[in-house]
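Hi,

Here's the structure I promised to pass along. Have a look at it first, then read on for my notes.

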Amino acid sequence: MIILENIQMALQSLKTNPLRSALTLTGIAVGIGAVLYVVILGEITQQRINERLESLGSNVLLIRPGYSRLRGVRTAAIYTNLKWDEAKEIKTTSNVITLTVPTYTDQGVAEFKDQNWSTRITGTTPEYETINNDHPIEGRFFSEDELNRKSRVCLLGATVHEKLFGNLSPIGESILINSKRFTVIGLLGSKGESWHNPDNQIFIPLTTAQERLYGADYLTSILAQMRSADDYDESLFDIETILRRNHRLRPDQDNDFRVRRQDLYLSTVRETNIEIANFIIIIALVSLIVGGIGVANVMLVTVTERTREIGIRRAIGAKKFHILTQFLVEAMILGIIGGILGIVGCMGFNYFFTGIGLNIPLDWIGYSFIICFGIGSIAGLYPAFQAANKNVIDALRYE
Amino acid sequence: MTMLIEMNNVYKTYVLGEVKVPALHAISLEVEDNEYVAIMGPSGSGKSTLMNIMGCLDTPTSGSYNLGRKDVGGLNDNQLSDIRNTKIGFVFQTFNLLPRTTALHNVELPLIYSGMSSFKRKQLAMDVLERVGLSDRIMHKPNELSGGERQRVAIARALVNKPSLILADEPTGNLDSKTGEEIIEIMQSLCEQGNTIILVTHEEYIAKQTNRIIRLRDGIIEGDEN
């Protein structure tokens with residue numbers, strides 16, 4: 001009963017000072033909105049990384065050129081020591097490696113009509129489609145035959161497609177890559193943001209990249225598929241044996257290449273991501289606490305301003321408890337309304353500016369609500385106690 | 001006649017820093033039901049202190065105060081609040097209405113704290129406002145009312161809980177003499193309806209209309225005339 005009265009009284013008192021109430025609400029709203037926004041962003045990034053992890057599979061190794069070291073001293077960076085023949089040799093020699101895919105990646109400029117876009121050009125073999133589980137959403141991958149004939153065909157990543165063609169279908173169109181004419185035969189689906197945007201890429205046959213575009217005889221990486229993830233140690237041993245022998249490394253020299261499991265790499269990315277997200281959440285929480293201090297401040301002012309009202313209420317029979325709850329409820333309502341504004345504001349911001357849409361996780365809306373309610377209560381507690389413990393006679397005479 | 005107020009040897013001393021300031025000195029008095037009493041005295045004579053103690057806003061330093069045969073001295077804050085809520089109606093010189101709140105809500109307020117249901121207390125508050133002649137003003141806020149009307153709202157608020165004692169602290173002090181007389185007339189009629197009223201005033205002519213005048217000076221009862 002009294003609670004209902006208190007809510008009515010609180011709303012009325014908030015209406016009395018619209019600007020002050022609005023500013024206080026903004027403090028809470030901005031705080032909770034920031035927290036919510038960061039949380040959502042973090043969750044969406046996690047989701048995308050997880051999706052990529054699933055599509056990669058845990059049995060693919062990534063071999064890249066690395067530093068040559070002599071007795072712990074880095075001697076020179078060698079980026080040209082991985083060869084296509086070695087990729088073939090690893091596949092044929094090793095019992096546990098079932099497939100290798102060589103890639104050569106370099107910078108390039110793609111042009112279509114009056115549009116041009118600087119991007120990464122990746123030359124590879126048709127098996128790239130299988131090993132990465134990355135099928136074109138339109139058109140097709142290039143064939144073994146096209147690889148052998150050094151055909152000038154290409155597949156576009158989603159970003160490149162958007163930059164050059166917008167919404168139009170690129171299949172069959174002819175574009176320029178580094179001023180050489182290519183026919184678009186396929187379009188790859190979006191894989192989402194990551195450190196290197198995997199969508200900002202054009203795929204062409206490896207032979208075409210090496211011989212026609214860049215005049216390179218080396219690879220920038222080799223993907224190696226193991227029979228299963230359990231074969232890691234044996235696969236690593238086979239790769240090291242073959243490459244060290246080919247590169248004529250002495251036993252006291254370190255590997256001049258690096259081998260990494262793709263999924264482990266992404267797991268690290270994921271963990272780093274979580275750490276960064278948590279850190280930003282803490283910063284956002286600080287702004288929420290500042291909002292709470294704003295509520296406490298306004299409540300202290302309100303209590304002083306309404307000293308006489310407190311005296312009147314006490315004189316006609318209000319108990320300390322009644323005064324305490326009256327002001328506590330007012331602070332809670334500030335918190336709750338601020339929370340609602342923050343949640344709605346965050347949804348609006350997402351909808352209009354980030355393109356994430358309105359899909360805020362329900363549980364987080366619930367948490368935000370509870371957090372705002374809690375902050376309002378804590379901020380209101382001390383001012384409410386002050387109000388309840390005022391001397392009645394002094395309060396009645398207060399001017 | 002039953003006894004409503006029994007004060008026995010009541011002292012009140014304020015401590016300001018290390019100085020003790022005596023406000024009331026061995027006050028003993030009795031007020032019966034349905035009496036109409038005026039308390040007079042120069043400022044600093046202890047009138048307000050006496051009123052505060054009678055109204056359970058303050059407690060005596062020593063001595064006993066029985067209100068309706070109940071010893072008020074040993075009560076805690078919550079119990080005193082209950083007594084103020086149900087047994088006492090205050091009328092102040094400065095009206096002390098809640099600003100930005102309608103006359104109706106102001107009158108309802110004591111009933112909110114006594115826990116009455118919304119419907120019942122609205123009914124009751126409107127009845128009382130009608131008795132003081134304000135039935136056409138119930139949705140007006142204090143700043144939309146004249147001084148006399150404000151004081152009548154305050155009287156309605158004091159009456160709404162059917163208190164056994166009405167304490168009026170210079171109720172005409174902030175009013176011109178014509179509206180002051182109207183208020184005194186209302187007081188008179190309340191007394192005729194069976195209420196007990198204790199009134200603090202500076203005006204001899206107002207005091208004359210009561211049945212009994214208690215004169216205070218320096219915290220001591222100087223005179224008690226019928």
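Below is what turned up in chains A and B. Bear in mind that this is a predicted model.

Chain A, helices

Start with H11 (residues 320-354) and H12 (residues 362-388) of chain A: their axes come within 7 Å and cross at roughly 150°. Anything over 145 degrees counts as roughly antiparallel, so that is how H11(A) lies against H12(A). The crossing of H11(A) with H12(A) is right-handed. As for what sits in that contact, I get 21 nonpolar residues, eight polar and two charged.

Then there's H9 of chain A, residues 262-305. Several residues of H9(A) are buried, among them A:Leu288, A:Gly291, A:Gly292, A:Val295, A:Met299 and A:Thr302. If you want to colour by direction, an α-helix has 3.6 residues a turn, so residues three or four places apart point the same way.

Chain B, strands

Strand E1 (residues 3-16) of chain B runs antiparallel to E2 (residues 19-32) of chain B, with 10 bridges joining them. B:Leu16 has B:Val19 in E2(B) as its bridge partner. Two residues lie between the strands of this hairpin, and B:Gly17 takes a positive phi near 65° there.

E1(B) also pairs with E4 (residues 62-67) of chain B, again antiparallel, over five bridges. In that pairing, B:Ile5 is bridged to B:Leu67 of E4(B).

Cheers

How values were computed. Residues are numbered from 1 along each chain as its sequence is written. Chains are lettered from A and ligands numbered from 1 in the order in which they are written. This is a predicted model: local features need pLDDT of at least 70, side-chain atom pairs count only at pLDDT 80 or more; totals for chains, interfaces and linings use all residues. Axes are lines fitted to C-alpha atoms, for helices over the stretch in contact, and angles run from 0 to 180 degrees between N-to-C directions. Helices (H or I, at least four residues) and strands (E, at least two) are DSSP runs, numbered from the N terminus. Angles under 35 degrees count as roughly parallel, over 145 as roughly antiparallel, 65 to 115 as roughly perpendicular and the rest as oblique. A crossing is left-handed if the near helix is turned anticlockwise from the far one by less than a right angle, and right-handed if clockwise. Ala, Val, Leu, Ile, Met, Phe, Trp, Tyr, Cys and Pro count as nonpolar, Asp, Glu, Lys and Arg as charged, and the others, Gly among them, as polar. Two strands pair if DSSP finds at least two bridges between them. The expected span of a helix is 1.5 Å times one less than its number of residues. A residue is buried if 20 or more other C-beta atoms lie within 10 Å of its own, exposed if 12 or fewer, and partly exposed in between; C-beta atoms are placed from the backbone.
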